[in-house]
Amino acid sequence: MPKTATKPVRIVVAKVGLDGHDRGVKVVARALRDAGYEVIYTGLRQTPEMVVDAALQEDAQVIGLSIHSGAHMTLFPAVVDELKRRKATDIVVFGGGIIPDDDIAALRKKGVAAIFTPGTPLQEIVDWLRKRFPES
Amino acid sequence: MKVRARDAKELWQEEFEKAPVRDDGIETSTISGIPLKPLYTGDDLPRREEELPGQFPYTRGIHPSGYRGRLWTMRQFSGFATAEETNRRYKYLLANGQTGLSVAFDMPTLMGQDSDAPTSRGEVGHCGVAIDSLADMETLFEGIPLGDITTSMTINSPAAILLCMYIAVAEKQGVPASKLGGTLQNDILKEFIAQKEFIFPPAPSMRLVVDSIEYCAAEVPKWNTISISGYHIREAGSTAVQELAFTLADGMAYVDACLERGMHIDDFASRLSFFFDAHIDFFEEIAKFRAARRIWARWMRERYGAQQERSWKLRFHTQTAGVSLTAQQPELNIARTAIEAMAAVLGGTQSLHTNAMDEVLALPTDKAARIALRTQQLLAYETGAANTIDPLGGSYFVEALTDEMERQAEAYFKRIDEIGGVIPAIEAGFFQKEIADAAFRYQNEVEQKRRIMVGVNEFTVDEEEPLEILRMDPGLESQQAERVREVRRRRDQAQATNALNRLRKAAAGNDNLMPYILDAVRAYATEGEIMQAMIEVFGTYTETAVV
């Protein structure tokens with residue numbers, strides 16, 4: 001559902017899982033903020049339930065997930081499932097981290113809209129969001 | 001005709017200024033942003049007495065014989081899936097000429113949780129080996145005589161527990177604790193600063209660190225009780241200077257904490273060890289290692305009044321930079337790692353881990369792990385790098401850069417002091433912000449192509465050939481969860497409960513907790529249970545997230 005032009009897109013950015021590698025998530029959060037998005041960074045060790053809670057409370061249209069521990073095949077789909085359970089499937093989920101190519105296709109099938117791996121230019125993430133939310 | 005030196009330099013300067021320079025917009029400062037001259041000469045050499053290896057302040061190395069006496073320890077960090085599988089990998093690495101072990105634990109183990117905890121889902125055995133109790137540790141070292149090898153364990157918040165497990169396995173092998181050699185990372189300050197695997201608040205966290213240092217000084221005297229780590233600070237995005245300064249500042253904070261406990265500096269200082277990153281900017285890294293030794297020696301002798309020479313010597317492990325590796329054209333990572341490893345060797349490291357080319361995608365396959373180890377063997381035996389001690393000592397450039405690193409690190413120590421010390425600076429988010437700023441600055445330089453990452457923002461290919469990667473068995477998590485439940489069923493429950501109760505009571509008092517933890521470990525209390533007992537007394541820490 002397109003949002004009105006006056007309202008900036010709100011993005012909840014979260015570290016799911018147990019690892020504390022927050023370099024990537026912080027760089028991306030800053031870049032998105034600089035690109036004009038409203039960014040809410042939840043901090044570390046968020047469970048899928050906590051992430052969805054935050055997104056609903058913050059009235060976010062997008063959830064950005066970061067993980068470096070190898071638990072992405074469990075935790076990314078768990079966020080999507082939690083959104084389904086809470087009837088909030090209009091919220092777009094994307095993610096990044098150390099994620100092998102084969103897993104990316106599988107994650108997209110499970111409802112993760114995009115995966116950005118190390119080496120992705122920040123502009124590519126911003127461009128993807130602009131395309132997804134052209135009025136933002 | 002001989003031109004006088006002064007005139008010759010002026011002539012060079014004139015010619016340099018006339019010569020065309022590249023205008024590709026690529027930075028000529030170090031990767032950390034230290035501006036560099038195009039040429040260094042004798043004018044840049046500091047005026048000081050000649051420095052020599054094995055002599056204070058050890059800029060040129062801590063051993064008078066360098067690698068002629070003994071090569072660095074080739075210590076590949078490794079661990080995945082179950083204790084059984086990792087035990088097989090250790091035997092493989094030892095059979096291939098590796099000279100020390102280094103344990104990588106999975107996330108639940110690092111965070112003090114058992115494999116059957118709800119928040120462990122999806123994480124078990126993924127980025128290291130899953131260890132829940134003494135039973136797993138027994139399997140991990142099955143057939144490996146702990147009296148004959150040294151082992152490094154990368155673990156922090158629950159470090160005391162894993163050390164106790166190691167001691168308990170040795171007991172079962174008939175090896176007394178006094179014979180054990182190895183290193184416990186046990187560096188909680190850099191967890192708050194960079195890696196973020198903290199559990200307890202800073203004060204009880206520091207108590208546990210000091211407890212283990214104090215205990216080992218008496219009972220496990222050959223053990224390196226802490227590995228004060230710049231690696232994670234650097235990987236989180238810091239500059240080389242920040243890595244150097246924050247790590248040494250952490251080191252001094254541990255020294256202060258031990259002195260406060262009433263220990264004598266020379267009783268523990270020589271068991272403190274360090275761990276640095278070897279990044280891709282070759283000369284800057286070498287200068288960093290050299291500066292680290294000099295700064296530490298001065299502070300230990302002059303500020304802390306350590307009397308024994310061994311207390312002044314900074315010994316360190318190095319790992320090549322994980323963040324310099326690229327998922328694109330990953331075979332290039334072999335070349336990057338070789339260059340970084342060479343910097344570590346020329347910087348005089350005591351031990352080294354070389355990353356495998358596929359570590360940017362997953363844990364290494366057997367083949368990738370072997371190439372990484374072979375890279376070190378090649379450096380040691382083919383290149384001649386080990387033949388001459390500190391071969392870059394006296395280089396105009398490297399000496400000037402060493403001094404510059406030292407100067408900038410000292411400036412950071414002043415700033416940290418002004419904030420009130422390391423822990424107040426952590427609580428104020430000082431380090432975290434400095435690192436995040438540096439990471440963001442670097443990323444922007446890459447985006448603007450002022451820094452080139454080969455295969456990423458230049459020299460790319462359209463179609464990548466996929467690399468074969470290590471996959472975990474999906475059934476692993478439930479097997480490991482079942483294993484820990486089995487341990488709980490089979491142990492003497494009263495013994496475990498009593499040990500945990502005694503630990504809880506001791507945590508509320510002032511006793512050294514190591515003997516209590518060791519008892520709980522021997523009773524097959526699980527890691528998660530032991531942590532939980534301490535959490536009930538100490539509470540947990542939550543970071544205010546700064547972007």
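Two residues are taken to be in contact if their C-beta atoms, placed from the backbone, lie within 7 Å. By that count, 29 residues of chain A are in contact with 31 residues of chain B. On the chain A side, the elements giving two or more residues are α1 (23-34), α3 (72-85) and α5 (122-132), with helices (H or I, at least four residues) and strands (E, at least two) being DSSP runs numbered from the N terminus. The biggest giver is α1(A), with five residues. Sort that side of chain A by residue type and you get 13 nonpolar, 10 polar and six charged; here Ala, Val, Leu, Ile, Met, Phe, Trp, Tyr, Cys and Pro count as nonpolar, Asp, Glu, Lys and Arg as charged, and the others, Gly among them, as polar.

A word on the model. It is a predicted one, where local features need pLDDT of at least 70 and side-chain atom pairs count only at pLDDT 80 or more, while totals for chains, interfaces and linings use all residues. Residues are numbered from 1 along each chain as its sequence is written, and chains are lettered from A and ligands numbered from 1 in the order in which they are written.

Now over to chain B and its strand β7 (residues 272-278). Seven of its seven residues are buried, so β7(B) is largely enclosed by the rest of the structure; buried means 20 or more other C-beta atoms within 10 Å of a residue's own, with C-beta atoms placed from the backbone. In a regular strand, side chains alternate between the two faces of the sheet. In β7(B), L272(B), F274(B), F276(B) and A278(B) point one way, and S273(B), F275(B) and D277(B) the other.

What about its partners? Strands pair if DSSP finds at least two bridges between them. β6(B) (residues 226-229) pairs with β7(B) in the parallel sense over four bridges, and I226(B) stands opposite L272(B). Five bridges join β7(B) to β8(B) (residues 316-320), also running parallel, with D277(B) opposite Q319(B).

How values were computed. A residue is buried if 20 or more other C-beta atoms lie within 10 Å of its own, exposed if 12 or fewer, and partly exposed in between; C-beta atoms are placed from the backbone.
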